Amino acid sequence: MLKLYNTLSRKKEEFVPIKETVGFYSCGPTVYNYAHIGNLRAYICADILKRTLKYNNYKIKHVMNITDVGHLTDDADSGEDKIEKGAEREGKTVWEIADFYTKTFKDDMKKLNIQEPDVWCKATEHIKEMIDMIKKIETAGYTYSAGGNLYFDTSKFKHYSELARLKLDDLKEGARTEVDENKKHPRDFVLWFSLEGSKFGKSHTMKWESPWGTGYPGWHIECCAMSSKYLGNQFDIHSGGIDHIPVHHTNEIAQAETAMNVHPWVKLWFHNNFLIVKEGKMAKSAENFLKLGLLEKKGYRPLSYRYFCLGSHYRSELNFSWKALDNVENSYEKFKNKIIEIRNNKKGGTTDTSSHIKKFESAINDDLNTPVALAVTLDLMNDDKIAADSKYAAICKFDEVLGLNIGEMKENKIEASANIQKLLKDREQARKNKDWKLADELRDKIKKEGFEIEDTKTGPKLKKT
Ligand code: AMP
Ligand code: ZN
């Protein structure tokens, strides 16, 4: 039985899909800059969820949006449009910015072995669907116009505080946000910005005609419009980081439930916790912004970052430091070498891996407990009673969830010259002849050339020093 924590109920619940195919929507990236490794943690967590559902034989339809319009620098409808700001920063058009960072995001996903969604959908290609949904909200009586913009009246929606457990009396727009005097209540939000009305978007280049004037949609409407188009009026799982609980997802629920007259709109809300650095949450706007490309430049492998993420539960904060990443890179290297050794090994033993499999499955089915699942995998790898090929088969099955690409793990290619290869061969011969003195001399010679010898069960291996 698969149990997952639902933010809506604040409990772990048995997962029971609405229909045969699980409908799963993930809030995708805002493509005005590279994703940072905190964002990427969110997509690794959603990937583990998707893989666990597949492991449990569920069919899935996974939809992910690309936010290429209307997401302001502040969630509370003030500030500038992030994409427009990116275009200004880089001297490119908004469309070029969105295309470029969509591509870099997809490249990062591939490197991290994150499976692609069944449907990618861009906000700018679904403006009509958004306008249609706003019309439905308007007909249902939940909107008002002010200063030219169209707003959602949160005071009329009785379930507004449910997801975030907000205390509505305390709700004031934070001091950091510029208060929008058009709003009747601080939590109200924009459904449609008209270029006349918006004090923030006068020079907006992305704009469309609408019943509320020429302008552009508010950020929250896109996920409702696109999810209903591809997954229907109600669906099973919606994912994102915990920062989305109080504003973005709360507002999405308000829109979807009033437009489509459903409750609950989404059955299970899945939220990952943050990747944390010394200064706090890693954020695109802050200096502590690290991208996957930088990790690679420094010699860390993308899959070792995935391994790092698997080592902590998705609902816990994950502390990032270079030292922690160094340790993980070493553990990942050992893990990889052990996998290769098992794959090449012909050692016999018991073929029964059922107790390890049972432990692995109870870990992942207990709200995706990846740290325990990883520990069970390591236990199995080190269990000498089990035949190597049975071990390898079970580990490959576990990898359907872990996504470490175990089948593709290869030894590091060492570019050693023919001369060094010859010295290594001679040393092997010396060892066979039990000429330890010569063997040691040859080892020292190889070391002077910059290589260490590691004697493994499958023969000597060269490592760069
Ligand atoms: P964005 O591209 O800003 O819309 O963010 C993409 C995803 O990353 C969202 O689901 C966010 O909730 C999530 N996210 C943002 N910052 C972090 C972080 N430091 N750690 C984990 N997830 C994050
Ligand atoms: Zn969303």
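Reader: Hey, is threonine 52 buried or exposed?
Author: Threonine 52 has 0% relative accessibility, so it counts as buried. Buried is under 20% relative accessible area, exposed is over 50%, and partly exposed is in between, using a 1.4 Å probe and protein chains only.

Reader: Okay, and what kind of model am I looking at?
Author: It's a predicted model, where local features need pLDDT of at least 70, side-chain atom pairs count only at pLDDT 80 or more, and totals for chains, interfaces and linings use all residues. Residues are numbered from 1 along each chain as its sequence is written, chains are lettered from A and ligands numbered from 1 in the order in which they are written, and side-chain values use heavy atoms, with hydrogens and water left out.

Reader: Back to threonine 52: which helix does it lie in, and what is it in contact with?
Author: Threonine 52 lies in helix α1, residues 37-55. Helices here are DSSP runs of H or I with at least four residues, strands are runs of E with at least two, and both are numbered from the N terminus. Leaving aside neighbours within four places in sequence, threonine 52 is in contact with Leu2, Ile364, Asn365, Leu368 and Val401. Contact means heavy atoms within 4.5 Å.

Reader: Switching topic, what holds the zinc ion?
Author: The protein donors of the zinc ion (ligand 2) are Cys27 (SG), Cys223 (SG), His248 (NE2) and Glu252 (OE), at 2.0 to 2.4 Å. Donors are N, O and S atoms within 2.8 Å of the metal (3.2 Å for Na, K and Ca), and sites may look incomplete because water is not among the atoms.

Reader: Which parts of the chain do cysteine 223 and glutamate 252 tie together?
Author: Cysteine 223 is in helix α5 (residues 221-231) and glutamate 252 is in helix α6 (residues 245-260), so this pair links parts 29 residues apart in sequence. Both cysteine 223 and glutamate 252 are buried.

Reader: Now the five-strand sheet. What's the strand order?
Author: This open sheet runs β5-β4-β3-β10-β11, with parallel pairing. Two strands pair if DSSP finds at least two bridges between them. The edges are β5 (119-122) and β11 (266-272), each with a single partner strand, so one side of each has no neighbour in the sheet.

Reader: How many bridges join β4 and β5?
Author: Four bridges, in the parallel sense, with β4 covering residues 59-66. Methionine 64 has tryptophan 120 in β5 as its bridge partner. Helix α3 (residues 94-111) packs on the sheet, touching β4 and β5, and its direction makes about 155° with that of β5. Axes are lines fitted to C-alpha atoms, for helices over the stretch in contact, and angles run from 0 to 180 degrees between N-to-C directions.

Reader: Last one: where is glycine 147?
Author: Glycine 147 is in the loop between β6 (143-146) and β7 (149-152). Those strands form a hairpin with two residues between them, and glycine 147 in the turn has a positive phi of about 55°. Glycine 147 is partly exposed, with a relative accessible area of 44%. β6 and β7 pair in the antiparallel sense over four bridges, and the bridge partner of tyrosine 144 is tyrosine 151 in β7.
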